[in-house]
2 protein chains.
Amino acid sequence: MTTLRIAGGRVLHPDFSVTTDDVLVDDTSGEIVAVGDVGSGDETLDAEGCLVMPGLVNAHCHAAMTLLRGYADDKPLESWLREDVWPVEAELTDADIRAGTELALVELLKSGTTAFADMYFSMGEVAEAVAEAGLRARLGHGVVGVGKDEDAARADHEESLSFAREYDGYADGRVRTMYTPHSLTTVDEDRLREYVPEAREAGVPLHYHANETADEVEPIVAERDERPLEYADGLGMLGESDFLAHGVHSDATEVDLLAERGTAVVHCPASNMKLASGAAPVPAYREAGVTVALGTDGAASNNDLDLFDEMRDAAMLGKHAANDASAVPAEAVVEMATAGGADALGFDAGRIAAGRKADLAVVDFEAAHLTPTHDAVSNLAYATRGSDVRHTVCDGEVLVRDGEVRTLDEDAVRERAAEHARDLVARAE
Amino acid sequence: MTTLRIAGGRVLHPDFSVTTDDVLVDDTSGEIVAVGDVGSGDETLDAEGCLVMPGLVNAHCHAAMTLLRGYADDKPLESWLREDVWPVEAELTDADIRAGTELALVELLKSGTTAFADMYFSMGEVAEAVAEAGLRARLGHGVVGVGKDEDAARADHEESLSFAREYDGYADGRVRTMYTPHSLTTVDEDRLREYVPEAREAGVPLHYHANETADEVEPIVAERDERPLEYADGLGMLGESDFLAHGVHSDATEVDLLAERGTAVVHCPASNMKLASGAAPVPAYREAGVTVALGTDGAASNNDLDLFDEMRDAAMLGKHAANDASAVPAEAVVEMATAGGADALGFDAGRIAAGRKADLAVVDFEAAHLTPTHDAVSNLAYATRGSDVRHTVCDGEVLVRDGEVRTLDEDAVRERAAEHARDLVARAE
């Protein structure tokens, strides 16, 4: 075993206290060995002037959509999807998705994100990119039923299932998988009744969009006289390891149901604001004991993958929506972006403590916009930017050192992605 | 005259078109001489891979409040002011304000801001700091009447007036002044009736907080049976050069009144969300033809001075509040942060065109989170961070080159501010 000592920084503990301490990491087990006066390690990572925090977790993403960053803004969800996003997505090749995903991974790593959940297509390419980049991911092939005949839908489902089986535990266990029906309205009831039990048999969690827009809730309520999450519950889609994206329009019954079932919710405040989908009832979720994580959604509706932006957005939108400046405070959003995300994705990370996975972000606090530091947690929630991340460590490996990604060639990744984006859009037009 | 050629970048024009062009600047007049094929200049500033945009304008700020960044978060405006902010502000010395302002100036310059409006105390110190730092500012000593006897209030007013007279045109005209009563509720009617005509005589614009919270509107409506801005109009406080901060709770009558009078509004979305003050009717203002600028407010309620954050917040909150993803689009927020701000503050800047003041920000677009560039304006509004600014030019002078502030010693400024912040809080506790 080789040990790495992260030295001289201030450490953010799970109870939100901050002490000046070293963190010792074992790169064989990928775990945190000790926090405090840890002696010397085989190697040292300088954290002087920095805050050492758990790596951020982006719990809902479509990574390759970086290719569509800024392609179509300022449009509502339905027309944005149908007129802009889907026609381009229909042209996506494996190589496009690899290029867009690698661009996303550079962005995630440089802004301190050590784990993410990705629901998209060509997921074998995504898994390979994750293996190469060194971070942790929960991956699923998105199943869309609408507009497909029985055979095509079945083939889509089979692809999702076989990906989930084949890649679970890949890359030394850094890649885990999931079964990802797109949403309760884009996959028919008959198909969900057929597919979900097969996914359960494969032993992977479910992740899907739910209660994202009011338009998506109404037809379910009208047709079934029950709320969308009651419908999902009847289909066996609210398991303890499952996690839902958005959860904007959940009512009190659904909040309680999620709490009872132990199903987590991924709050995506930027995407929800940008597409005018509404504001998720985050205080109600947290009060009821629902695990809440944070996600950026795809870069086309955000338009970045910076979890620091997302923390700020979550706090700001939370206060605005509750008409209460004390709602969704700094500690809540930092917890959502770290421990909440790790719990939602089923990773033993998100907290700096011996025995936990060594997934860490080291944030340079010696910056004008982070001075003074009356409160380090406030600075993280309200004033830190992704570019303040100095080092990113995942599974005990240093993936970003002094702002440079070590596992991917950033310039080559950027150029390749720009080229793929250009070609893709040209093909679709 | 010495000319500076900003070379090889893509230039954002006032009509939001983008072309690859050079910009020639004259450092004597401080003006843009030409845009296009400009020949060689005496000096060159490399803008390859960058977007050259108008310098950002922060149209409502309390710069020295950087000292209170993160000091008290997650509290509503009234108790936050009375229990946390005002007791500390009562302890502020000239040296504190100088230190906090210099910290703000470093932050502003590094994130591409070339002009700001500041309403605070010890404004002579602020003017000196602005002179040294090289940017442009509209400065006013804040007049608070509440809790003061006649003589104390009069002295406060006199100080504001004499500062406004003495410093208007200071630092080669980069410093302009204004008369700044705190708000319509914190300065009594009798005093406003007495003071405002004197400010008019001094020939400076008015800037004050208006319609920031619902709590501030109600007593005026209850007592006078007119809206706050009708009251302000009756006091002669809606002039063509005047500009109001916040304007969250303006109704349709007030929107029309502002348009008629030519008074500008400074939208502060981050502060409004963080203090749960509400969402300003930005689409209504813009439709009516009211000039809308952007402001960060003080760092204690934001918690940074990054106008890129503010643009993103303005777009996001605008869509959420209007329940319309097409509301407050990318071009609108970029305009508010540049031309809108310059117009509100009365500076001939905010647009890249020959004859305008050479106030520019050069943004490095060769970054993962800004790739691809389907739409440069979208990238500015949604994905750029202050840290992407490579060079900042004001009045033809390069104030930031390759991310380094040239007019202030950043490390010394940070250390001094941290020390003052520590001492200040200790004195207040």
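Is the crossing of α11(A) and α12(A) left-handed or right-handed? The points below take up this pair of helices and then the pocket and cavities.

1. This is a predicted model, in which local features need pLDDT of at least 70 and side-chain atom pairs count only at pLDDT 80 or more, while totals for chains, interfaces and linings use all residues. Residues are numbered from 1 along each chain as its sequence is written, chains are lettered from A and ligands numbered from 1 in the order in which they are written, and side-chain values use heavy atoms, with hydrogens and water left out.

2. In chain A, the axes of helix α11 (residues 307-322) and helix α12 (residues 330-345) come within 9 Å and cross at roughly 140 degrees. The two helices, α11(A) and α12(A), are therefore oblique to each other (angles under 35 degrees count as roughly parallel, over 145 as roughly antiparallel, 65 to 115 as roughly perpendicular and the rest as oblique). The crossing of α11(A) and α12(A) is right-handed.

3. The largest pocket holds about 1100 Å³ of space, and 40 residues line this pocket, with A:S387, A:D388, B:S387, B:D388 and B:V389 nearest its centre. On a 1 Å grid over the protein atoms alone, a pocket is an open set of points with protein on both sides within 12 Å along at least five of seven lines, a cavity is a set where a 1.4 Å probe fits but cannot get out, and lining residues have an atom within 4 Å of a point.

4. By class, the lining of the largest pocket has 22 charged, ten polar and eight nonpolar residues. Among the elements that each supply at least two residues of this lining are α2 (94-110) and α14 (410-428) of chain A, as well as β18 (389-394) of chain B.

5. A search of the whole structure finds three cavities of 30 Å³ or more, and the largest cavity contains about 60 Å³ of space. Residues of both chains line the largest cavity, including A:D304, A:R385, B:D306, B:R312 and B:Y382. The lining of the largest cavity has seven charged, four nonpolar and one polar residues, and at least three residues are drawn from each of domain 1 (3-54 + 350-405) and domain 2 (56-345) of chain B.

6. The second largest cavity, with about 40 Å³ of space, is lined by A:L68, A:G70, A:Y71, A:A72, A:W80, A:D84, A:V85 and A:A300. By class, this second lining has six nonpolar, one polar and one charged residues.

Methods. Grid points are joined across faces, edges and corners, and a volume is the space filled by probe spheres set on the points. Helices (H or I, at least four residues) and strands (E, at least two) are DSSP runs, numbered from the N terminus. Ala, Val, Leu, Ile, Met, Phe, Trp, Tyr, Cys and Pro count as nonpolar, Asp, Glu, Lys and Arg as charged, and the others, Gly among them, as polar. Axes are lines fitted to C-alpha atoms, for helices over the stretch in contact, and angles run from 0 to 180 degrees between N-to-C directions. A crossing is left-handed if the near helix is turned anticlockwise from the far one by less than a right angle, and right-handed if clockwise. Domain bounds come from an automatic or database domain assignment.
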